[in-house]
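Subject: A structure to look through, with notes

Dear colleague,

I am handing over the structure below, and after it come my notes on what I found. Please read them with the model open beside you.

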Amino acid sequence: MIELKNIGYFTIFNIVRTGISILKIQNGISKFILGVLAIFTTLVLFSMSMFYYENYATVNRAFNWGSLLLALVFVGVIGYFLVRISDRNKKLNWTILLAMLVVFVIVATTWVLVVPKTQLSDFGNFWTRVPGLQHGAKLYETDNDYFSRFAYQSGYMVYVLGVVKIFGYHIFAIQFLNVIYQALILFFTYLLAVKIFENIKVARLAVLLLMIDLDWFALNSQASNQYLGSLCYLITFYLIMQDKFWAYILSGVTLTIGCLIRPIGPVIVAGIVVFAILYTMFENGKFNYQKPLKILLSLLIYLALFSLAGWGIKASGLNAYGLSNYDPEWKFVTGLNYQSNGTYSPDMDRLIDASKPRKVMSKKEKAALHQEITYLNKNKKWLNLFINKVGGLWSQRTMATNFTGYSQNHSAKTVERVDYLAYVGSIILIIFSWIGSFSLFKTKFSNNLYLLLLPMLAFAAAQLLIEVQGRYRIEFLPVIAILASLGLYQFFIKKDV
């Protein structure tokens, strides 16, 4: 009997010790992720400061500095009242959120009505092809056209065709739907903040900081796939956080829609997989096989539906290449070009010749990619390139206002001021997200936060190698806003969240 008891005690001791070891490892990994986040936000803040100094600090000082100061005061005053208002009354909480969303919809719709309806750049590729497709024209002529090289854009093309089928060929339908998606993004940003911090006031601040960022919402005038895609990804995260069987099934569906509309699925999936391994496989020091299997179910649903959608695109005759990337070299050629800091530039046009077959252009692009890598190795410019790309993607203007054609019907001075005011919203997010990233070390929050951070960090890492544009961060600005809301909240409290 004594031996059996000793064995029992020994077994229990081993189980407890194993559980404690797992918790220590998990806590260590969590601190590492938060450390990487803190380094990332610090680099972004530093790059933003340098960009501001070089472009705004010494020119138009009265307007630039005055506008920034007034914006900070505005955020401080409105934020103060949002924090001071009690969060104990559920009806009041929903009323405040609804009021904020209504104000945003009015402002965002006004912006759509003010800017030109012209669809520019890639957005024009979607909108201007619709009439031809309706009358039997092909989506592409050669295997080196836009939609043959980047066949994965066919998902959003189907969406645009669907909207036109329902509402007619009126760009306002696309634009107003973008506004609705943006309002829903604000709504789910609120829900995610509540889920993570269990703090209504932090959630209110997250909505405030995102809704005033013109750098974020200015692209609603264009046939942009970023807002609907972003919304689907946020809903996916929220559904996974519910930890219910039906929610996991729906998350597979929303993840599929998000990837069809905005094809950044690999980094989202990578983040979800890492989250499942680190934070659902082991909970409270114990092995848990159910949650990882449910998340696996979501991913299997996504893979099945995405494959089915690709087959459907081919079968419909819209695009023989389905949803593939028929030009994988291009993003790396531009992304590793040191002279352009990894962004698309007119100099890159020399490599584009749609009249030539893809096999010919592929060889030319591979040769160019080899030259870019050789240059970076020879001159030891990899680190400089990565730092510059982080600045271009996360610290500088999103250039969203540039894509609206606002300059067509406004003076150069007005355009300059609007562009700056748009950037002020980004500046505020950058400053407070930096504070928020360090506040996480002393704040209680759910592990669900890592479901947002891991895809964002995966995206940031992937963008070090491929082409970057400031507007590419739009999908992750809700995550930045949640971090920033925690940073801003620190100014209104005397104790930890």
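Let me begin with helix α11 (residues 226-242), which has 17 residues and reaches 25 Å from its first C-alpha to its last, close to the 24 Å expected at 1.5 Å a residue. The expected span of a helix is taken as 1.5 Å times one less than its number of residues, and helices here are DSSP runs of H or I with at least four residues, numbered from the N terminus (strands would be runs of E with at least two).

Before going on, please keep in mind that this is a predicted model, in which local features need pLDDT of at least 70 and side-chain atom pairs count only at pLDDT 80 or more, while totals for chains, interfaces and linings use all residues. Residues are numbered from 1 along each chain as its sequence is written, and side-chain values use heavy atoms, with hydrogens and water left out.

Helix α11 is mostly covered, since 16 of its 17 residues are buried; buried means under 20% relative accessible area, exposed means over 50%, and partly exposed lies in between, for a 1.4 Å probe and protein chains only. Just after α11, D243 takes a positive phi of about 55°.

Two packed helices are described by the angle between their axes and the distance between the axes. The axes are lines fitted to C-alpha atoms, for helices over the stretch in contact, and the angles run from 0 to 180 degrees between N-to-C directions. Described in this way, α11 and α19 pack at an angle of about 145°, with their axes 10 Å apart, and α11 passes α19 in a right-handed crossing. A crossing is right-handed if the near helix is turned clockwise from the far one by less than a right angle, and left-handed if anticlockwise. The contact, meaning heavy atoms within 4.5 Å, is made by F237, I240 and M241 of α11 and by L451, L452 and P455 of α19. By class, this contact of α11 with α19 has 6 nonpolar, no polar and no charged residues, where Ala, Val, Leu, Ile, Met, Phe, Trp, Tyr, Cys and Pro count as nonpolar, Asp, Glu, Lys and Arg as charged, and the others, Gly among them, as polar.

Helix α19 (residues 449-462) also meets helix α13, and their axes come within 8 Å and cross at roughly 135°. The two helices α13 and α19 are therefore oblique to each other, given that angles under 35 degrees count as roughly parallel, over 145 as roughly antiparallel, 65 to 115 as roughly perpendicular and the rest as oblique. The crossing of α13 past α19 is right-handed. From α13, the residues V267, I268, G271, I272, V274, F275 and Y279 meet Y450, L451, L454, P455, A458, F459 and A462 in α19, and the residues of this contact divide into 13 nonpolar, 1 polar and no charged. Helix α13 (residues 265-280) itself has 16 residues and reaches 21 Å between its first and last C-alpha, close to the 22 Å expected, and its buried residues include V267, I268, G271, I272, F275 and Y279.

Most residues other than glycine have a negative phi. With that in mind, please look at E198, which lies in the loop between α8 and α9 and has a positive phi near 50°; E198 is exposed, with a relative accessible area of 73%. A second case is N60, in the loop between α1 and α2, which has a positive phi of about 45° although it is not a glycine; N60 is partly exposed, with a relative accessible area of 45%.

Finally, L34 is found in helix α1 (residues 2-55) and is buried, with a relative accessible area of 5%. The C-alpha atoms of L34 and L453 are separated by 9.0 Å, although the two are 419 residues apart along the chain.

With best wishes
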